[in-house]
Amino acid sequence: MINKLIDKHIEKSFARLCEKEYQLPDVYKPLTYTWQGDWEGRALLAYCCLYSVTGKKNPAMDEFIKVYPEKCNEEGYLGKLFDAEEVDEQQLSGHNWLISGMVEYYKLFGDKSALKHAENIFNNLYKKSAASIENYPVKREKANVGGVSGTHTGLILNKWRVSSDVGCVSMCIDGVSRYYEVTKDESAKAFLDTTIDMFYNFDKRAARAQTHTTLTATRGIFRMYKVTGDKEYYNKALDIFNLYLEHGMTYTYENFNWFERKDTWTEPCAVVDSFMLADMFYEETGDKKYLTLLRRIFFNGLNHCHRDNGGVGTSKTVYEENNYAGMGSHYEAPFCCTMRYCEGLVTINKNRDKLAFNQNAPIIKDELGRRFKDDALVIQNENGKDLMAFDLAFQEKNDRKYKVF
């Protein structure tokens with residue numbers, strides 16, 4: 001049963017990424033797009049991830065690399081040239097995905113041009129921003145602004161044009177750590193150490209940081225531990241992941257989009273990150289609590305956000321004051337979650353044997369009032385009928401509510 005479900009996830013995602021907005025020329029966004037490098041990079045990374053699990057190339061995959069020199073600026077990245085007097089947080093965040101995609105394409109095919117593009121992104125954007133990172137405005141007033149897709153807030157703080165996705169500059173720890181892994185460029189490690197230090201000491205709850213950024217950056221920190229063997233990276237990654245588990249995860253093993261903003265929505269990008277981190281910590285420690293977490297995120301967080309059209313969308317947050325799950329404000333978030341889900345599929349596919357479901361398991365209730373069959377939540381529809389949370393995968397748009405506890 002679960003293998004068929006996983007196969008369907010992969011098939012649906014592959015088909016969705018073959019549609020118009022993920023093909024040329026649409027996949028490259030105009031200069032007016034406020035997340036330069038973000039859509040493009042997530043798409044390229046998704047092509048690579050789907051290739052790794054299917055052996056099939058997205059029709060746009062190779063052409064994306066070929067036309068990149070025509071799309072980038074004279075310094076080899078997307079958008080305006082770096083300006084230390086007004087650093088665009090969203091440009092640095094967005095290029096995390098572009099440098100990640102270029103590195104992963106290089107790893108798959110040995111394409112030196114892709115690695116050169118990654119080198120240009122690092123040297124001409126990230127390396128130039130190193131001094132600015134030290135002045136990133138970690139202390140700011142609590143805000144309640146922002147949508148599913150973050151926006152510039154209109155504020156310039158410490159020469160930073162900041163985003164409603166608070167702290168999203170730290171996303172680049174993931175991409176630059178991938179770059180460091182294949183190049184061992186010491187200037188990349190220096191940049192990472194500066195950025196990791198800033199991010200680790202950033203009071204994420206006080207600033208209401210975005211949880212997707214938090215978890216993506218944490219994966220990058222963990223990667224630095226694996227590449228260098230330096231336990232300090234591991235300890236920092238563990239501290240941040242524990243913070244998320246305590247203050248950023250919903251009762252359905254999804255995420256609050258920001259810390260300390262529970263009545264918002266989930267973001268499957270972050271659920272993917274949490275699943276990948278559970279896998280990373282389980283592989284490292286063998287601690288069964290991470291295996292349980294891996295399974296519960298899969299059954300209850302990752303399945304139902306995948307829609308009938310192959311896209312991926314948001315859900316309602318379930319917490320102390322809200323015991324009803326359901327589809328969120330965005331049936332699909334095509335600009336981020338639809339693409340990021342493909343990276344989650346790599347980890348799902350790898351862990352098929354760990355994700356078997358025991359249909360004969362007894363239903364048990366935990367201290368929060370949630371009912372579990374094996375590691376899957378038992379929820380009730382509007383008619384009081386029991387069903388599994390993962391039964392909600394591949395739904396069409398609806399406003400139905402499901403009781404969790």
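The second largest pocket is lined by 22 residues, and Leu245, Glu246, Met249, Thr250 and Tyr251 are the ones nearest its centre. The model is a predicted one, in which local features need pLDDT of at least 70 and side-chain atom pairs count only at pLDDT 80 or more, while totals for chains, interfaces and linings use all residues. Residues are numbered from 1 along each chain as its sequence is written, and side-chain values use heavy atoms, with hydrogens and water left out.

**Second largest pocket**

- A pocket here is an open set of points on a 1 Å grid over the protein atoms alone, with protein on both sides within 12 Å along at least five of seven lines, and lining residues have an atom within 4 Å of a point.
- The volume of the second largest pocket is about 400 Å³, where a volume is the space filled by probe spheres set on grid points that are joined across faces, edges and corners.
- Two or more lining residues of this second largest pocket come from each of α11 (231-247) and α13, with α11 giving the largest share, three residues; helices are DSSP runs (H or I, at least four residues) and strands are runs of E (at least two), numbered from the N terminus.
- Its lining divides by class into ten nonpolar, three polar and nine charged residues, where Ala, Val, Leu, Ile, Met, Phe, Trp, Tyr, Cys and Pro count as nonpolar, Asp, Glu, Lys and Arg as charged, and the others, Gly among them, as polar.

**Largest pocket**

- The largest pocket holds about 600 Å³ of space, and of its 23 lining residues Arg223, Met276, Met280, Glu343 and Thr347 are the closest to the centre.
- At least two lining residues of the largest pocket are supplied by each of α2 (38-54), α4 (89-109), α7 (172-183), α10 (211-228), α12 and α14 (337-350).
- Twelve charged, nine nonpolar and two polar residues make up the lining of the largest pocket.

**Cavities**

- Two cavities of 30 Å³ or more are found in a search of the whole structure, a cavity being a set of grid points where a 1.4 Å probe fits but cannot get out.
- The second largest cavity has a volume of about 110 Å³, and 14 residues line it, with His304, Ala325, Gly326, Ile379 and Leu392 closest to its centre.
- Strands β4 (324-326) and β7 (376-380) each give at least two residues to the lining of the second largest cavity, which comprises six nonpolar, five polar and three charged residues.

**Helix packing**

- Helix α12 (residues 268-285) packs against helix α13 (residues 288-302) at an angle of about 160°, their axes lying 8 Å apart; axes are lines fitted to C-alpha atoms, for helices over the stretch in contact, and angles run from 0 to 180 degrees between N-to-C directions.
- That angle makes α12 roughly antiparallel to α13, since angles under 35 degrees count as roughly parallel, over 145 as roughly antiparallel, 65 to 115 as roughly perpendicular and the rest as oblique.
- The contact (heavy atoms within 4.5 Å) includes Phe275, Phe281 and Tyr282 of α12 and Tyr290, Leu294 and Phe298 of α13, and by class it has 13 nonpolar, three polar and two charged residues.
- Helix α8 (residues 186-200) and α10 pack at about 135° with their axes 11 Å apart, which makes α8 oblique to α10.
- Lys189, Leu192, Ile196 and Phe199 in α8 meet residues of α10 that include Ala217, Ile221 and Met224, and the contact of α8 with α10 has six nonpolar, four polar and one charged.
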